[in-house]
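Subject: Structure handover and notes

Hello,

Here is the structure I said I would pass on. Please open it alongside the notes below.

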Amino acid sequence: MKVRMADKVEQFRTVWMEGLTVKIINQVKLPYEFEILDLKNYKETGEAIRNMNIRGAGAIGAAAGYAVAQAALEAPSQSYDACLKYIEEAADYIKSTRPTAQNLFYAVDRVLGMARSVKSILGAKLSAKKVAQQIADEDANACKSIGEHGEPLIKDGFKILTHCNAGWLAFVDYGSAISPIYTAKEKGKNVFVYVGETRPRLQGASLTAWELSQEGIEHKVIADNMSGWLMQLGKVDMVIVGADRIAANGDVANKIGTYEKAVLAKVNKVPFYVAAPTSTFDISCKTGRDITIEERSEGEVLYIKGYCSKTKSVEEVRITPEGSHALNYAFDVTPAKCITGIITEKGIIVAKKKSIEALLK
Ligand code: MRU
C-alpha cells in the first residue's frame with residue numbers, strides 16, 4: 001500500500017502481525033512516501049530492524065518480539081529440541097541487529113523465555129505469538145500513559161524542544177517524548193515544538209516533523225547546533241527527549257546530540273525531561289558507561305539524502321570532499337545529574353538509583 005506524501009495518513013500502528021507476516025511502516029521512505037512493508041519471515045524482520053526500515057526503541061522492541069514469534073512459527077516440528085534450537089538461533093540473530101535500545105533485548109528475551117518454559121512444540125509456537133502481541137500492546141498502552149503523566153508538565157503556550165524521533169513512529173503507537181505533547185494538544189493547550197533535525201539520519205527533520213504535521217501541531221525544524229542559542233534567548237520552556245536505554249543510576253542513552261542539549265538546558269535552567277516506558281530500563285548496566293553505543297557506517301555522515309525538486313526523486317549526494325572520512329556514533333549518554341525527571345507509564349521519577357528501583361519493583 002502506498003500513499004503520496006502530501007496525503008493525511010489514517011491511524012496506523014508502526015508495526016503489527018497478520019498471520020505469519022510482520023507489517024511495518026517503512027520509515028526510510030518517510031516523509032516522501034508512506035509505504036507498508038510485508039516481512040515474511042524472521043530474517044526479513046531482522047534485516048528491516050538492521051536497515052532501519054523500522055527504528056526507535058519501542059518499535060524495534062515490538063518488531064523484535066514479533067520476529068521471535070515468526071521464528072517459532074517457522075521452526076521445525078519434528079522434535080521440541082529442534083524447534084527450540086531454531087528459535088534460540090533466531091533470537092541470537094535478532095539481538096545482533098542493533099545494540100543500544102534495551103527494548104529489543106527485553107522483547108527477544110521475553111518471547112524466548114516463554115517458548116522455553118512451555119515444553120511442547122505447539123505450546124511454544126502459540127505462546128510466542130501471544131507474548132509478542134502482548135509486548136506490542138503493552139508498548140502502546142505504556143506510551144498512552146506516558147502522555148497522561150507528562151501532560152500536566154506542559155503549560156498552555158509552552159515552547160518545547162525535542163530531539164530525534166520519540167513520537168509514535170518510534171513506538172507501536174503514541175510515542176514517548178511526543179506523547180505528552182499530543183495529550184496537551186487534545187486537552188486544548190497551545191503547544192509549539194522545536195524539532196532538532198538530528199544529523200546524520202535526520203529522524204527529527206524527516207519523521208518528527210512529519211508526525212507533527214500529520215497531527216496539526218505547530219513546529220519548526222532547527223539545525224542541531226541552534227538549541228543553545230534558543231535557550232539563551234529564553235525561547236525554550238522545556239526539553240523532552242526519548243531514551244534507548246536507562247542505566248540503574250539514571251544515566252540515559254539516547255540519540256547522539258542529546259547530551260549537548262541536556263548540558264545546555266542545565267546551564268540555562270530549562271527543565272530537561274526524558275520520557276520512556278519501563279521496558280527501556282536496564283539495571284544490569286550500573287551506569288551509562290556500561291551501555292553499548294552503536295557505531296554506524298561513515299556513509300551516513302558523508303552523504304545526505306533528500307527530495308530533489310528538479311528530478312522529482314529522492315537522491316543521495318556527497319557533502320564532503322572525496323577522501324574525507326567520518327565518525328558516526330549513533331547515541332550518547334546523558335548523565336543523570338542533567339535530568340529533571342523521567343516520565344514513565346507509572347509516573348514521573350527522579351533519575352536516581354532508589355527511585356528507579358522503586359519504579360521497577
Ligand atoms: O537510531 P534510532 O532512530 O532507532 O534511534 C532511536 C531514537 O529514535 C532516539 O534515540 C529516541 O529518542 C529514543 S527511541 C524512542
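Predicted model: local features only at pLDDT ≥ 70, side-chain atom pairs only at ≥ 80, totals over all residues.

Residues are numbered from 1 along each chain as its sequence is written, and side-chain values use heavy atoms, with hydrogens and water left out.

**Ligand site**

There are 17 residues around the ligand, and R55, R98, D244, N254 and K255 come nearest; a residue counts as near if one of its heavy atoms lies within 4 Å. The side chain of N254 has an N or O atom 2.6 Å from an oxygen atom of the ligand. For K255, a polar side-chain atom is 2.7 Å from a ligand oxygen. The side chain of R98 places an N or O atom 2.8 Å from an oxygen atom of the ligand. Taken alone the ligand exposes 400 Å², and the protein buries 99% of that; accessible areas come from the Shrake-Rupley method with a 1.4 Å probe, and for residues only the protein chains shown count as cover.

R98 sits in the loop between helix 3 and helix 4. Helices (H or I, at least four residues) and strands (E, at least two) are DSSP runs, numbered from the N terminus. With a relative accessible area of 5%, R98 is buried; buried means under 20%, exposed over 50%, and partly exposed in between (1.4 Å probe, protein chains only). Its side chain also makes a polar contact with the side chain of E294, at 2.7 Å. A polar contact is a pair of N or O atoms within 3.5 Å; within protein, one must be able to donate a hydrogen and the other to accept it, and residues adjacent in sequence count only if both atoms are side-chain atoms. Not counting residues up to four places away in sequence, R98 touches residues including M52, R55, L104, F105 and E294, where contact means heavy atoms within 4.5 Å.

**Helix 4**

Helix 4 (residues 102-117) has 16 residues and reaches 22 Å from its first C-alpha to its last, close to the 22 Å expected at 1.5 Å a residue. That expected span is 1.5 Å times one less than the number of residues. Among its buried residues are L104, F105, V108, V111 and L112. The buried residues of helix 4 pack against several elements, including helix 1 (42-50), helix 5 (121-150) and strand 9 (245-247).

An open sheet of four strands has the order 12-9-10-15, with mixed pairing. Its edge strands are strand 12 and strand 15 (331-334), each pairing on one side only. Two strands pair if DSSP finds at least two bridges between them. Strand 9 and strand 10 (residues 252-255) run antiparallel and are joined by two bridges; the partner of R245 in strand 10 is A253.

Strand 11 (residues 272-275) is covered on both faces: F272 and V274 are buried on one side, Y273 and A275 on the other. It pairs with strand 8 (residues 238-241) in the parallel sense over three bridges, with Y273 as the bridge partner of I240. Strand 11 also runs parallel to strand 16 (residues 341-344), again through three bridges; here A275 stands opposite I343.

Strand 2 and strand 3 run antiparallel and are joined by four bridges. They form a hairpin with two residues between them, and G19 in the turn has a positive phi of about 60 degrees. L20, in the loop between these strands, is exposed, with a relative accessible area of 53%.

**Backbone features**

Most residues other than glycine have a negative phi, and most peptide bonds are trans. The bond joining L30 and P31 is cis, with omega about 5 degrees. The peptide bond from R199 to P200 is also cis, with omega near 5 degrees.

M52 is not a glycine, yet its phi is positive, near 65 degrees. M52 is found in the loop between helix 1 and helix 2 and is buried, with a relative accessible area of 2%. Y174, likewise not a glycine, has a positive phi of about 65 degrees. Y174 is partly exposed, at 29% relative accessible area.

Regards
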